[in-house]
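Biologist: I'm new to this one. Can you put it on screen and walk me through it?

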Amino acid sequence: MIDFSRNHFELLGLAPAFRIDVTELDRAYRQLQTEVHPDRFAGGSDTERRLALQSSAHVNEAYRALKNPVRRAQYLLRLHGIDAVSETDTALPLEFLERQLERRELAADAQAAGDVPALSALLEDARAEGRALEDLLADLLDGEQAFAMARIQVRELTFLAKLTGDLDGMLAASES
Amino acid sequence: MALFQISEPGEAPAPHQHKRAIGIDLGTTNSLVATVRNGLAVVLPDAEGRPLVPSIVRYGEHGVETGYAAMAHQTSDPQNTILSIKRLMGRGLSDLTDARRFPYRFVDTPGMVKIGTRAGVKSPVEVSADLLRALRERAEASLGGPVDGAVVTVPAYFDDAQRQATKDAAQLAGLPILRLLNEPTAAAIAYGLDNASEGVYAVYDLGGGTFDISILRLSRGVFEVLATNGDSALGGDDFDHRVFCWIIEAAKLPPLSPSDARLLLVKAREAKENLSEHESASILATLSDGTSVNLALTKAIFTEITGNLVAKTLSPVRRALRDAQLQSGDIKGVVLVGGATRMPQVRRAVAEFFGQPPLTNLNPDEVVALGAAVQGNKLAGNHEKDDDWLLLDVIPLSLGLEIMGGLTEKIIHRNSTIPIARAQEFTTYKDGQTAMAIHVVQGEREKVVDCRSLARFELRGIPPMVAGAARIQVTFQVDADGLLDVAAREQGTGVEATITVKPSYGLSDGEIAKMLADSFTHAADDMQARALAEAQVEADQIAAATEAALASDGELIGTHERAVIDAALAKLRRFRDGSDHLALRAAVESVNHATGDFAARRMDRSVSRALTGKRVDALSD
């Protein structure tokens, strides 16, 4: 079966980096699942089926951690011993927080007024900020290898991902 | 000239033994069984060539009947003829907002609701097993031997309790189950392999009692479910019911008997089916009191009274698209599955929503069973050409734990690819806390009361520590059937507790083993089940009567006689819940015998009381 001691990047045959080839990730993931998925061992022994279940679940977990940029950034820091989303250290720059709070208030107003274009604009705005943050993180993580410094940006990206998810939900609720 | 094959030394020629593999679509209204024959998936028909088996079980005077045989009695014997049992799988009586719709004698048992029938109290698992057994027998007759492996389909939106109930039913029916497969996924396999499709597809599956929407990406032999959503209590049945209500209102009918209600439901269904082809359908019926019903239902009225049911399917479609992070325009094709998608208003709504006509080039009744057969064939190890495809499915509803304040902490989110294992750490709330109650729930809502409770268990033996110091790791593991296992472990000491989420709906492994044993005992002769049920009723009556007599007139008997009666009662209790109706009858007889003299003396006493003019109840103090 698979080697559980290898990290997610090694498992999926990728160099540990924030910028990855997503097509290559998808290909490697499917290749691995073809090998270990429980469907291949439906007629196997109990041990084989248990191992297939554990391996396949592990491959799914690795894929999930690397597919999404926010989780990938968190995982990359964790490989360097840094917990970006620790519950005891949640500090964020004040101007970042103020900007998001304002965005949230405007979104709530827009939703109350049924102003779908305003909501869409706010969502697009937040997504653009997220993309800019990803570019910055690519420089910090893949260029300068400044993992400890990148902690703040990873936390911001995590926060933004939550916010865009919420805005998307508000938009869906307003549209239907 | 024929060439003989000779294997290399030391390498035994692997006998290519073809396994008897089947796929079963266990539907709310109809069920089917299919297999792969000469590389082609085919539905196995009955002797008369009918592919569908109506999902109806009747507990008749002469044993269990299924399918068309049971259907023939649906109006004459509505309380023993069970339809749409799938709606009750894994459900308690309190879950059924529409319990009054069913003419059954419901028995409210913890976990799953049961139904009182002529053949005793039946759980939905047992009724489904009777259906599955009929399908298994059809397959065995057609394949010429016992089934080696079966894939049984379930609605994608079925929760853990409903899935487990289905798996238990398959086990009870003696089916070697290879996998539970989601219905829309099965349809996608059949459709995708047939059409060599690539791209993102939506499967809109409106069955008799359930609605599913699945969004899948098909690429290079991989069927990847991106998101699924649905409503496990919405289907063609609900359209029938709307028509039924319309009939009652239009004909101004008083409350109906179960037979009349069933009759009108049948007429409602016929009218619905007619309206897929015609502009108007006439509804003619004569009720048991001679009242005649003669109505015409137009397509316009039908569309109007069912409009919000159609609209109700579109919310899950929107949610699934949102979870897949796609727009309706990203969908390359929409596959329609389920008999209820024959209704023109449904097709119209789907076409309008996706901006394209849905794909209807396959039989919506058969496509799920065909896909299940293809998957069953592959899982059983039969090799066919083009069988190097892979299926990646998801869990439909989030799984979590109850935390302080009656809130849910999600551990596995909906639409996560399965199999999946996730662990999360929790801690104690009070100083010195040595046990932790773990409550496993499924659903999307924040409050535990709004989610489905799957199981409760306790982790005991945590060493006393200050609040917040213990580290309890709870691991959720969902297998490829979508079924959950939960384990809890205190990290410091290694104290462990594990549970397979199963007993919450009322069936433990022991009960299933007992049902299996019972079904083998009675398989040869279902009359025996009835004989047992009757003997049990008799046993309960005589036990209650004897105990009441002993309480009121116990002084009429001596110690020895009392001991004989007590022994007979104990024997009766011992056989009461067994499966041997002859032994139970014998026990009833011996209680009768032991209490014969006692009964005579009580009779004498009441006669003499009556003669002295005193009321019996006045003497009881």
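Modeller: 18 residues of chain B are in contact with 14 residues of chain A (C-beta atoms, placed from the backbone, within 7 Å). This is a predicted model: local features need pLDDT of at least 70, side-chain atom pairs count only at pLDDT 80 or more, and totals for chains, interfaces and linings use all residues. Residues are numbered from 1 along each chain as its sequence is written, with chains lettered from A and ligands numbered from 1 in the order in which they are written.

Biologist: Which element gives the most to the side of chain B that touches chain A?

Modeller: β19(B), with three residues. Strands here are DSSP runs of E, at least two residues, and helices are runs of H or I, at least four, numbered from the N terminus. Among the elements giving two or more residues are also α8 (307–323) and β22 (420–426) of chain B.

Biologist: How do the residues on that side of chain B divide?

Modeller: Eleven nonpolar, three polar and four charged. Nonpolar is Ala, Val, Leu, Ile, Met, Phe, Trp, Tyr, Cys and Pro; charged is Asp, Glu, Lys and Arg; the others, Gly among them, are polar.

Biologist: Switching to chain A. At what angle do α6 and α7 pack?

Modeller: About 160°, with their axes 9 Å apart. Axes are lines fitted to C-alpha atoms over the stretch in contact, and angles run from 0 to 180 degrees between N-to-C directions. α6(A) and α7(A) are therefore roughly antiparallel (over 145 degrees).

Biologist: And what residues make up that contact?

Modeller: 17 nonpolar, five polar and six charged.

Key:
Parallel < 35°, antiparallel > 145°, perpendicular 65-115°, else oblique. Contact = placed C-beta atoms within 7 Å.
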